[in-house]
Amino acid sequence: MVRINLLIFILILTSIISYGDILDPNIMDKLPKIDKSEVPKVPGLPSQDLVEKDSDGNILGKRKLEKNTTVMLEEKVNVVVPLEIISDIEINALVIDDEKEKIPFEIELNKKPDKENYYKIKYSETNIDIDHDGKIDTKIYSPDFINSKIVKENYITIDGGNISKEGTHKKTIYMTIEVKE
């Protein structure tokens with residue numbers, strides 16, 4: 001009788017768990033509010049001459065107001081949005097006997113990376129023993145660097161010969177983005 005190994009496994013790759021707040025359209029509501037009593041008050045501009053007095057109230061002198069000027073300052077702020085993974089990936093595969101499968105998948109980012117050959121995808125696990133029998137049967141591959149908004153060169157290989165337990169197997173793998181060091 002032909003032995004049939006049935007493998008259906010799900011890989012859910014998430015980074016939104018870690019970085020999901022930055023994509024929230026209501027992020028301004030979640031920022032801490034500044035108590036108006038904590039904001040220092042800016043003194044008003046003097047409009048008349050200053051009379052100096054000592055501790056007894058005797059007049060020591062008078063300072064004449066020459067000119068009253070308002071200075072306007074301009075400030076620019078750069079807001080940097082970090083590179084994030086915005087897609088969850090779910091992979092289902094059916095492996096029969098000693099079959100070897102290669103399953104491609106795509107990863108979507110929130111924007112195109114601002115630097116070439118600088119960012120990498122880091123997985124919580126790349127060599128996986130899906131059926132917990134001590135043999136590595138599933139591997140995840142991705143390109144060395146991320147250079148586009150949608151990374152298409154990712155794939156998973158499954159070696160049915162290393163799977164000894166029939167049934168449905170599930171595994172969750174987490175992804176993050178790292179920088180080249």
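The largest nonpolar core has 24 residues, and Phe105, Ile107, Leu109 and Tyr123 have the most contacts inside it. A nonpolar core is a set of buried Ala, Val, Leu, Ile, Met, Phe, Trp, Tyr and Cys residues joined through side-chain atoms within 4.5 Å. The elements that give two or more residues to this core are β5, β6 (119–123), β9 (150–159) and β11 (171–179). The model is predicted: local features need pLDDT of at least 70 and side-chain atom pairs count only at pLDDT 80 or more, while totals for chains, interfaces and linings use all residues. Residues are numbered from 1 along each chain as its sequence is written, and side-chain values use heavy atoms, with hydrogens and water left out.

**Terms for strands and accessibility**

- Strands (E, at least two residues) and helices (H or I, at least four residues) are DSSP runs, numbered from the N terminus.
- Two strands pair if DSSP finds at least two bridges between them.
- Buried means under 20% relative accessible area, exposed means over 50%, and partly exposed lies in between (1.4 Å probe, protein chains only).

**Open sheet**

- Four strands in the order β5-β9-β8-β7 form an open sheet with antiparallel pairing.
- β5 (100–108) and β7 (127–128) are the edge strands, each pairing on one side only.
- Two antiparallel bridges join β7 to strand β8 (residues 138–141).
- Asn127 has Lys139 in β8 as its bridge partner.
- In a regular strand the side chains alternate between the two faces of the sheet.

- Strand β3 (residues 50–53) pairs with strand β4 (residues 59–63) over four bridges in the antiparallel sense.
- Opposite Leu50 stands Arg63 in β4.
- Five residues lie between β3 and β4 in this hairpin, and Gly57 in the turn has a positive phi of about 95 degrees.

- Asp97, a residue other than glycine, has a positive phi near 55 degrees.
- The loop between β4 and β5 holds Asp97, which is partly exposed at a relative accessible area of 24%.
- His132 is not a glycine either, yet its phi is positive at about 55 degrees.
- The loop between β7 and β8 holds His132, which is exposed at a relative accessible area of 59%.

**Aromatic pairs**

- The whole structure contains two aromatic pairs by the search used; rings of Phe, Tyr and Trp (its six-membered ring) pair if their centres lie within 6.5 Å, and planes under 30 degrees apart count as stacked, over 60 as edge-to-face and the rest as tilted.
- Tyr118 and Tyr119 form an edge-to-face pair because their ring planes are at 90 degrees, with the centres 5.0 Å apart.
- Tyr118 is partly exposed, with a relative accessible area of 24%, whereas Tyr119 counts as buried at 14% relative accessibility.
- Tyr141 and Tyr155 have ring centres 4.9 Å apart and planes at 25 degrees, so this pair is stacked.
- Because Tyr141 lies in strand β8 and Tyr155 in strand β9, the pair ties together parts that are 14 residues apart in sequence.
- Tyr141 counts as partly exposed at 35% relative accessibility, and Tyr155 counts as partly exposed at 25%.

**Charges over rings**

- A charge sits over a ring if NZ of Lys or CZ of Arg is within 6 Å of the ring centre and within 35 degrees of the ring normal.
- Lys102 has its charged end over the ring of Tyr155, 4.3 Å from the ring centre.
- Lys115 has its charged end over the ring of Tyr118, 4.3 Å from the ring centre.
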